[in-house]
Amino acid sequence: MKLVTAIVQPHRLDDVKKALEAAGVHGMTVSEANGYGRQHGHTEVYRGAEYTIELVPKVRVEVVVDDYDAPAVVDAVVGAAQSGRIGDGKVWTVPVEDVVRVRTGERGADAL
Amino acid sequence: MELDTGATAWMLISASLVLLMTPGLALFYGGMTRSKSVLNMMMMSFGAMAVIAVVYVLWGWSMSYGSSVGGIVGNPLDQFGLSGAIYDGTGAFLIDDYGVPGIVGVAFQSTFAIITTALISGAIADRTRFSTWMVFVVLWVTLSYFPMAHMVWGGGLLSGDGPFASIATPIDFAGGTVVHINAGVAGLVLALIIGRRKGFGAVPMKPHSLPLTMLGAALLWFGWFGFNAGSAFTADGVAGLAWVNTTTATAAAVLGWLATEKLRDGHATSLGAASGVVAGLVAITPAAGALSPVGSIALGAAAGALCALAVGLKYRLGYDDSLDVVGVHLVGGLVGTIGIGFLATETGLLYGGGASQLAVQVIIAVVAMIFSGVVTAVIGLALKAVMGWRVSEDVEVNGIDQAEHGESAYEALGVGRFSTDTGAGAPAPVRRSTTEAHA
């Protein structure tokens, strides 16, 4: 199994969700995140004082999928989140050793 | 004098409006602080309300309007506890020259003392011990505000009965000197004595809630109708003129501030609009009864632009006037007080009245700055030695709300909100007796 983690623009979340559902993903965890990449955020001015806001708001989407499905899921996220502009985000994949469904105690791929 | 019920009703409403300004100020300032110190900021305003409402009836009224001691201050014992300020010899309510009971005048004036002192708190946000602030409030309102009110409005040194009146009668309609220059200088002096916040000018200290600040600015504007139109002391044409001038100057100041920002920084900001509101209100305060509405537009626009430029000075000069009490109240107060010398319809330089009004306006502004500066420095340094002004660096970094008030303004994470664990560390339910529970 693989954990696919995507950091995307908050306003792209709906598109990403739809794309994941279309790719056969049944559930996901979504959380608010803050961070920056190469652009180092943006600037804001308050009463003439300029502040660099490095940490900009993003959304983190996490799904655990079968090894076989992982590339298609990553493609679905990238396709839905991409605008071609700075700040679109990142997607990465890491191996997952085990998954347990708390309600039933099922393990592994059955718990997905 | 016969009781004028219309005037009395208006003055009671005005007093209530001015009292509302201080919670409005708490919101205005509170939104501008960081989320970890918003409660402390707002508590400084509420603390000033609690202290001064009490102090005012004890000795504040007497020191402002009691028998004069050398034109500087009223005798605090003259009408201590409002003795002799409520009833005449026959037990009837004293009525002033406008047909308004004297006790209503006490109500109106007490609210001015509260808001003026609360204004200072913006200069010392995020780092001031609450106990030291509360003691400061008593000392400052007693030694700086009441004497200034006496000098300008109580027939003292800076009034129409003072020595400078031989040049021209000084004009301070609702408190350019007494309120705004006084509080602005005090803010500057305290910011210098207390020192900069850790990380000032280096780490971001941006406002945590601009909607709170805008709500506060709206309440200040609304309350200011009592402040300025109420300073006519009756419901008449002067009150109407002050109302209109208060609105036109404020609107022009918003435009002036936003235009300055747009040209300099590229955006017209909501904080700029809220700040422009206050800058305009400050500037028109001394001038509300002396200008034409067209003149008030000029005054407001100048105040908005100048204050927008002045708030940047603290970074160049290195004093941490956290929420710009100096840039808005001192500068705005000076613009209004001195602007009268140019724009007063009867005596202003631009209306062919010569320079004597301008001269006397400069004099009262300078005297007010020196008086407030010296008195505040003495109080500030004495409290620094006796009580200490600052919370520890740890407290400042972690947030003053937790350390000084044992509270936090916002539920940061929400983790624990649904906890039903009643084990160690969880809050115990408050026990109440049955009588209390049914009370």
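In chain B, 77% of the contacts with a separation of 6 or more link residues 24 or more positions apart. That is a friendly place to start with this predicted model, and the overall build of the chain comes next.

**Chain B as a whole**

Chain B holds 15 helices and two strands. Its radius of gyration is 22 Å, close to the 22 Å that the globule rule gives for 439 residues, so chain B is as compact as a globular protein of that length. Along the principal axes, its C-alpha trace spans about 75 × 60 × 40 Å. Of those 439 residues, 56% count as buried.

**Inside the cores**

Let us look further in. The largest nonpolar core has 147 residues, and the members that touch the most others are Ile52(B), Leu220(B), Leu299(B), Ala303(B) and Cys307(B). Helix H2 of chain B, residues 38–65, supplies the largest share of this core, with 17 residues.

What does Ile52(B) touch once its neighbours within four places in sequence are left aside? Its partners are Ser110(B), Ala113(B), Ile114(B), Thr117(B), Val137(B) and Val141(B).

There is also a second, separate core of 14 residues, with Val16(A), Val65(A), Val77(A) and Ala80(A) among them.

**Where the chains meet**

Now to the place where the two chains touch. On one side are 13 residues of chain B, in contact with seven residues of chain A. Two elements of chain B give two or more residues each to this side: helix H7 (237–265) and helix H8 (270–284). Sorted by class, the side of chain B that touches chain A looks like this:

| Class | Residues of chain B |
|---|---|
| Nonpolar | five residues |
| Polar | four residues |

**How confident is the predictor?**

For the complex, the predictor gives an ipTM of 0.76 and a pTM of 0.89. The mean pLDDT of chain B is 94, and 94% of its residues reach 70 or more.

How values were computed
Residues are numbered from 1 along each chain as its sequence is written. Chains are lettered from A and ligands numbered from 1 in the order in which they are written. This is a predicted model: local features need pLDDT of at least 70, side-chain atom pairs count only at pLDDT 80 or more; totals for chains, interfaces and linings use all residues. Two residues are in contact if their C-beta atoms, placed from the backbone, lie within 7 Å. Helices (H or I, at least four residues) and strands (E, at least two) are DSSP runs, numbered from the N terminus. Ala, Val, Leu, Ile, Met, Phe, Trp, Tyr, Cys and Pro count as nonpolar, Asp, Glu, Lys and Arg as charged, and the others, Gly among them, as polar. The radius of gyration is taken over C-alpha atoms; the globule rule is 2.2 Å times the number of residues to the power 0.38. A residue is buried if 20 or more other C-beta atoms lie within 10 Å of its own, exposed if 12 or fewer, and partly exposed in between; C-beta atoms are placed from the backbone. A nonpolar core is a set of buried Ala, Val, Leu, Ile, Met, Phe, Trp, Tyr and Cys residues joined through C-beta atoms within 7 Å. pLDDT is the predictor's confidence in each residue, from 0 to 100.
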